[in-house]
There are 2 protein chains.
Amino acid sequence: MPAIAVDAMGGERAPEAVVQGVAAVSLQTDIDCVLVGDEARLQPLLEATAYNPERIAIMHASEAIDLQEDPRAAARYKRNKASLFVALREVAQGRCAAAVSAGNPGAAIAASLRELTLLPGVAKVAMASVYPRAAEAPGQDPLALALDVGATVRCTAEELVRFAVMGSTYARVISRVAEPRVALLNMGRDPLQGDEALTTAHRRLRDLPGVNFVGNIEGHELTSGRADVVVCEGLIGNIVLKLLESVANMAVDLTTSAAAAQRTWRWRAGMAIMASGTDRLRALADYASYGGAPILGFEQVFIKAHARSQPEAIANAVKVAAKAARDGLVPALKAALADV
Amino acid sequence: MPAIAVDAMGGERAPEAVVQGVAAVSLQTDIDCVLVGDEARLQPLLEATAYNPERIAIMHASEAIDLQEDPRAAARYKRNKASLFVALREVAQGRCAAAVSAGNPGAAIAASLRELTLLPGVAKVAMASVYPRAAEAPGQDPLALALDVGATVRCTAEELVRFAVMGSTYARVISRVAEPRVALLNMGRDPLQGDEALTTAHRRLRDLPGVNFVGNIEGHELTSGRADVVVCEGLIGNIVLKLLESVANMAVDLTTSAAAAQRTWRWRAGMAIMASGTDRLRALADYASYGGAPILGFEQVFIKAHARSQPEAIANAVKVAAKAARDGLVPALKAALADV
């Protein structure tokens with residue numbers, strides 16, 4: 001398999017965490033990686049860590065896109081030389097098998113729309129994200145996939161149906177759940193709830209053979225095991241995922257920071273005793289370590305990792321990208337979309 | 001002041017919790033209440049509790065609307081005799097000062113649209129809800145007001161602006177914050193984020209004198225103190241509020257149920273030691289006790305309490321309704337909307 005192109009300059013902890021994550025992959029697996037970024041910074045970072053030189057190459061890109069940067073401006077002025085764009089072009093031109101970036105999410109969407117090829121019949125793409133929820137069935141993944149979380153602000157019924165098909169296909173390929181449960185995020189279980197886009201999408205998904213559609217899901221059910229794939233328009237997905245993430249951080253604050261801030265023997269003793277409880281809280285916020293999720297709708301595999309990714313999360317995102325490429329995500333998406 | 005009409009049959013714990021809440025109000029305040037519902041059930045419940053008979057009257061209504069009932073069917077077949085409709089008609093016809101119900105939210109919206117009068121210039125109404133967040137400024141309320149949470153699925157820019165004006169006015173009258181901070185729920189702070197309705201609403205709110213508009217708010221900022229009034233379309237508000245509520249319940253589960261389920265000395269000892277931490281968690285879910293929030297857009301005051309309201313929450317909802325009526329919420333709404 002060709003290498004995975006990794007945007008070494010994207011993310012809050014880039015390039016250090018990216019280099020360390022890719023170095024770990026080179027020692028643990030047979031996955032080849034191309035680190036795309038400022039060679040003068042990457043080479044010394046790589047040399048400072050343990051890695052397998054046969055599995056990692058560096059490709060120079062002189063510019064980087066900051067997390068706070070306006071995506072439109074970045075796409076306009078940095079297209080030629082920014083590491084994100086260079087990495088995506090390596091994939092678009094077939095020299096790499098998939099791309100990974102933990103950088104600016106808006107820029108990732110803008111860059112993928114410029115550099116990658118839309119799948120047949122797809123006009124709008126979906127950025128997916130994973131979040132932790134209760135597993136209810138045996139073998140169910142501890143994470144659910146939500147899409148779209150910000151690539152397409154408002155969606156037609158057709159677009160929601162395609163997002164459902166693509167999300168379901170991705171979950172099947174990556175998590176090896178044979179029939180992922182797909183739900184439509186709405187304000188009630190009643191199929192007539194929501195606007196026309198939602199009621200039409202509900203009807204079409206109910207009648208679509210290849211999708212295990214379990215109906216509408218409501219806000220309070222998101223953290224339950226009812227659905228493996230949650231489908232919504234980008235505006236809603238973006239708000240919901242950011243809220244879920246802030247709540248997870250709040251849970252960690254309550255255990256970690258509060259203990260540190262209060263520094264009383266009572267808190268420390270309580271923390272030690274309640275380890276099982278705090279583990280549950282902490283698990284809520286640990287999902288950054290699970291790696292990334294795809295931007296779906298392209299002929300190429302592109303995994304977006306969380307901007308706060310630590311080396312472990314980067315390594316997981318690279319493994320997910322390699323798995324998607326090796327296990328035929330794109331042919332599976334094409335086959336599934338042909339039935340819509 | 002005329003009495004507050006209370007739907008005695010609405011809510012998970014109705015009529016018991018409603019009767020007890022109203023009885024408490026009769027002993028604590030000079031607010032008169034009319035309990036609307038099945039007289040044969042209400043009278044014995046009232047007699048079984050301490051109350052001031054000079055402050056409470058019972059008005060018979062032979063039917064009740066269940067929480068699981070289809071709101072459209074309820075509005076069609078139970079309009080004449082259901083306690084919710086009878087209570088709202090008492091207000092619409094000027095015999096009562098305001099209405100309170102903890103019943104079926106969909107039915108509350110349907111019934112208010114049938115029985116109450118829209119304010120001049122208002123075509124769509126907004127159901128508000130409160131939720132707990134961090135207070136950042138001195139004197140800031142520990143609760144924020146979100147609207148719409150389900151009355152109007154999709155909103156035009158004009159509707160979002162009116163919701164902002166009405167929510168801001170309500171917060172000013174009820175919480176006595178002189179200039180509540182109003183924000184638009186969106187996928188980014190950039191005024192150009194979102195669709196045209198959101199960008200237009202952003203521009204109009206920025207230029208509107210009577211509103212203290214602080215800009216767009218993102219999902220992860222909802223639990224911060226950045227905004228006192230969060231404005232969004234009903235579909236988004238519904239999903240977000242249900243999610244926030246489920247997370248609050250999860251926090252309580254972690255402390256209360258987990259301790260009960262595990263019943264180990266370790267958990268119990270840990271719980272006792274960490275009391276200050278669990279209090280913070282518990283506060284997250286206690287907001288049901290804060291009473292209700294209004295359905296805004298009418299010439300009448302209608303406070304919707306949470307379906308799970310305990311007597312304390314009912315009592316608080318009645319006090320909020322009386323305050324809104326006494327302090328001139330409706331004239332204030334008219335004045336504010338005239339400037340839009």
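Biologist: What is the handedness of the crossing where H1(B) passes H11(B)?

Modeller: In this predicted model, H1(B) passes H11(B) in a right-handed crossing. The term applies because the near helix is turned clockwise from the far one by less than a right angle.

Biologist: Which residues in H1(B) and H11(B) meet?

Modeller: From H1(B), B:Ala17, B:Val18, B:Gln20, B:Gly21, B:Val22, B:Ala24 and B:Val25 take part. Their partners in H11(B) are B:Pro311, B:Glu312, B:Ile314, B:Ala315, B:Val318 and B:Lys319. The residues of this contact comprise nine nonpolar, two polar and two charged.

Biologist: Turning to chain A, how is chain A divided into domains?

Modeller: Domain 1 covers 1-122 + 297-340, and domain 2 covers 129-287. Their contact takes 15 residues from domain 1 of chain A and 12 residues from domain 2 of chain A.

Biologist: Which helix gives the most to the side of domain 1 of chain A that touches domain 2 of chain A?

Modeller: Helix H5 (105-115), helix H11 (311-326) and helix H12 (329-338) of chain A each supply at least two residues of that side. H12(A) gives the most, with five residues. By class, that side of domain 1 has 11 nonpolar, one polar and three charged residues.

Conventions
Residues numbered from 1 in each chain as written. Chains lettered and ligands numbered in written order. Predicted model: local features only at pLDDT ≥ 70, side-chain atom pairs only at ≥ 80, totals over all residues. Helix = DSSP H or I, 4+ residues; strand = E, 2+ residues; numbered from the N terminus. Contact = placed C-beta atoms within 7 Å. Nonpolar A, V, L, I, M, F, W, Y, C, P; charged D, E, K, R; others polar. Domains from an automatic or database assignment.
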